Amino acid sequence: MNIVFEEKKESFWIDTKDTTYVIGLADGAYVGHVYYGKKLPATGRDTFDTAGALRILEMPFSPKEKPGEKVNFLDGFPAEFPFGGVGDYRESAVEITGKNGFTACEFLYDSYEVSREKPKLAGLPQTFGEESLTLTLCLKDKVLGATLYLKYTIFEDSDAIVRSACLKNDSDEDIFIDKLYSAGLDLDDADYEMLSFYGYWTKERCIERKPLRHGRQSVNSTRGITGHQSQPFIALVSPETTQKQGDVYAMHLIYSGNHIAQAELTAFDQVRLSIGISSERFRWKLAPGEQFQTPEAVVLYTGDGLGGMTRELHDLYKNHLIRSPYLHRERPVLINNWEATYFDFDEEKLLSIAREAKDCGIEMLVMDDGWFGHRDADDSSLGDWTVYEKKLPHGLKGLADKVNEIGLKFGIWMEPEMISPDSELYREHPDYALAIPGRAPSLSRNQLVLDLSRPEVVECVWRQIEAVISSANIAYVKWDMNRPLADLGSMVTRADRAGEIAHRYMLGVYELQERLVTRFPELLLENCAGGGSRFDPGMLYYCPQIWCSDDTDALERLAIQEGTAMLFPLSTIGAHVSICPNHITGRTTPWCMRGNVALAGTFGYELDITKLSSKEKEEIRRQIKTYHDCQELIREGDYYRIASETETGTHDCVQVVSRDKKESLVLYVQTRAIPNGRSRRLNLQGLDPDTVYDVTISIAGREFGEEDVENTSVHSGGELMEMGLSVPAMEGDGRPVRIVMRKN
């Protein structure tokens with residue numbers, strides 16, 4: 001890796017292990033994007049034609065050459081961080097209202113700095129790493145009296161560039177930030193297609209890929225959270241891009257609140273990518289001397305297709321974002337009582353689940369919603385984090401001690417960001433809820449949202465969380481968040497600060513989770529938001545795993561987990577086996593299929609184990625043994641997508657390969673049997689072509705309790721990747737196959 005400024009040619013060169021990113025200056029003032037792609041040789045940089053690359057020697061020329069055409073120049077210039085209001089009519093990355101009430105800015109180059117110390121972002125999730133370089137470009141708007149710092153960080157072992165922006169008010173008057181994104185990227189179009197994600201509750205992170213059309217296309221959230229409906233991610237891909245090949249330009253925001261990710265194609269076939277905090281309902285008052293820091297954005301180019309993008313993101317997040325001590329640890333197999341009991345439980349019911357779970361090899365009991373206040377339904381007690389003694393007469397400590405005596409760890413569910421109108425906290429402090437003065441706030445799931453933009457509310461919530469976790473031997477917390485933000489108002493926030501509430505709320509959440517993992521460093525924290533509504537890189541800074549979706553139907557989970565795994569490591573994906581008929585879809589799938597699908601994530605159970613037959617419990621024991629055999633490879637290995645059920649309609653297949661390429665695991669599911677079908681060849685990936693592998697194919701029994709059929713053969717890695725491996729045709733839907741490969 002390297003960062004170089006060619007002073008004579010007014011160009012900055014950022015080299016990662018396999019890519020080069022070039023920034024150029026026009027007229028020594030306008031910061032433009034020159035190139036991002038495969039790594040370029042260092043030779044010839046001192047003679048590089050920066051002006052030619054930026055096209056400022058052709059019509060409409062630069063303002064220095066032709067000042068009478070500045071508007072036309074700005075409207076086509078490939079800006080590195082575009083500003084609005086003075087001539088560029090495409091999407092801007094920064095908009096500011098000055099003391100005179102007018103909205104315009106023009107940030108011009110002033111200076112730069114290269115540092116080996118990764119800059120810290122106060123209050124925000126952020127990447128980290130000692131082997132790094134950071135380029136900071138300093139741009140100034142002398143009329144506003146403001147300085148804009150653009151930061152670019154690279155790591156020795158990654159091709160990603162981590163970008164952010166920081167704005168400082170150097171004037172003696174207040175200014176207002178109406179928009180400040182984290183990153184932008186201007187490119188020439190190459191018939192790109194836009195890749196993004198959409199979804200809803202129980203159907204998160206559906207992959208969508210469509211040709212880029214002229215105009216602006218975006219994904220966004222104004223819900224105060226990432227949302228089931230979107231993901232703070234966007235990519236441009238060349239039409240020929242597959243899992244194995246093709247150009248990909250991707251952006252992913254390390255943030256958990258309101259966001260926008262946008263592509264804009266102009267009539268001149270220029271493409272502008274943007275990502276950052278959504279400017280809708282956002283306005284930040286910046287007093288003299290104050291700074292505003294944006295979240296970090298991951299910007300990535302690869303020529304190795306979608307699989308190359310996936311593995312780069314996985315490695316970046318595992319090596320430079322997730323801090324939890326559980327990152328490289330085996331996670332305990334847990335059982336959650338929610339789908340077993342919902343609100344209808346007591347201490348003895350939980351202990352009966354724990355005893356049966358221990359007998360089957362499960363390692364942790366998680367008590368879900370309903371243990372606090374007087375909560376027998378979802379209409380009370382949020383905000384009152386005291387034990388519901390009717391259900392738990394011996395308190396949290398009494399229950400935890402008994403669970404520990406059985407031989408299981410103990411975990412709990414909490415929803416610290418919420419408050420019920422029927423709660424002692426609300427009766428004492430109705431002003432603690434988000435609400436617009438004079439307007440009745442809207443309920444969702446019978447609850448309101450605490451105003452975590454206020455420090456005193458954050459402190460109140462923290463005191464309760466700390467008291468709960470300190471009261472018993474609690475090894476795990478599932479932090480839930482079951483509704484979006486609405487009624488973005490506060491009883492104490494001034495009108496000129498109203499546009500800050502959503503972001504300040506998110507900073508409050510981050511502060512709480514930072515305090516939690518600092519105070520209890522050995523706690524296993526799993527984030528959740530009504531399922532997978534806040535599955536984003538920002539959350540991974542505080543926890544090693546996130547609940548993927550409330551839909552645990554194994555067939556539905558294939559697509560949900562495929563979209564999730566395109567961006568996030570398998571070790572972060574909360575995936576459990578549940579009972580059938582499934583509580584969300586009513587579908588019945590084989591036990592073996594449910595276990596195979598849940599293996600591609602963190603493994604656990606969502607069911608009433610006390611109601612299972614002896615054969616079903618034996619199947620759980622088998623599944624847990626398989627998990628223990630495979631978990632290290634799944635957690636640490638490289639991920640490859642071999643086949644997608646959403647495309648084939650008949651089968652799904654993922655592969656994990658150890659970093660030394662000595663082992664591999666393939667998880668295959670036949671979702672629909674084909675009459676008179678033939679064997680199917682799987683072209684595997686990521687193996688050493690010269691290594692000879694012992695390959696064991698385990699085909700699940702056709703009926704419940706039937707023994708698996710195993711076949712063992714020997715193949716070279718080259719044969720497995722080029723010729724493929726044959727999987728026999730099978731009778732019956734939902735039949736999974738597990739293929740284990742080890743160096744001969």
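Is F61 buried, partly exposed or exposed? Select F61: with a relative accessible area of 26%, F61 is partly exposed. Buried means under 20% relative accessible area, exposed over 50%, and partly exposed in between (1.4 Å probe, protein chains only).

Before going on, some ground rules. This is a predicted model, in which local features need pLDDT of at least 70 and side-chain atom pairs count only at pLDDT 80 or more, while totals for chains, interfaces and linings use all residues. Residues are numbered from 1 along each chain as its sequence is written, and side-chain values use heavy atoms, with hydrogens and water left out.

**The loop around F61**

F61 sits in the loop between helix 1 and helix 2. Helices (H or I, at least four residues) and strands (E, at least two) are DSSP runs, numbered from the N terminus. Phi of F61 is near 65 degrees, a positive value in a residue other than glycine. Now select P60, in the loop between helix 1 (50–54) and helix 2 (70–76). The peptide bond from M59 to P60 is cis, with omega near 5 degrees. Most residues other than glycine have a negative phi, and most peptide bonds are trans.

**Y342**

Jump to Y342, in the loop between helix 4 (338–341) and helix 5 (347–360). Its phi is also positive, near 50 degrees. Y342 is partly exposed, at 33% relative accessible area.

**C580 and P581**

Next, select C580 and P581. A cis peptide bond joins them, with omega about 0 degrees. P581 lies in the loop between strand 29 (573–578) and helix 12.

**Helix 12 and helix 13**

Show residues 591–599, helix 12, and residues 614–636, helix 13. How do they pack? Their angle is about 25 degrees, and their axes are 10 Å apart. Axes are lines fitted to C-alpha atoms, for helices over the stretch in contact, and angles run from 0 to 180 degrees between N-to-C directions. Helix 12 and helix 13 are therefore roughly parallel, a label for angles under 35 degrees. Look at the side chains between them. Contact means heavy atoms within 4.5 Å.

**K617**

Stay in helix 13 and select K617. K617 is buried, with a relative accessible area of 13%. Beyond residues up to four places away in sequence, K617 touches E356, C360, I609 and L612. Which side chain makes a polar contact with the side chain of K617? That of E356, at 2.9 Å. A polar contact is a pair of N or O atoms within 3.5 Å; within protein, one must be able to donate a hydrogen and the other to accept it, and residues adjacent in sequence count only if both atoms are side-chain atoms.

How values were computed: Angles under 35 degrees count as roughly parallel, over 145 as roughly antiparallel, 65 to 115 as roughly perpendicular and the rest as oblique.
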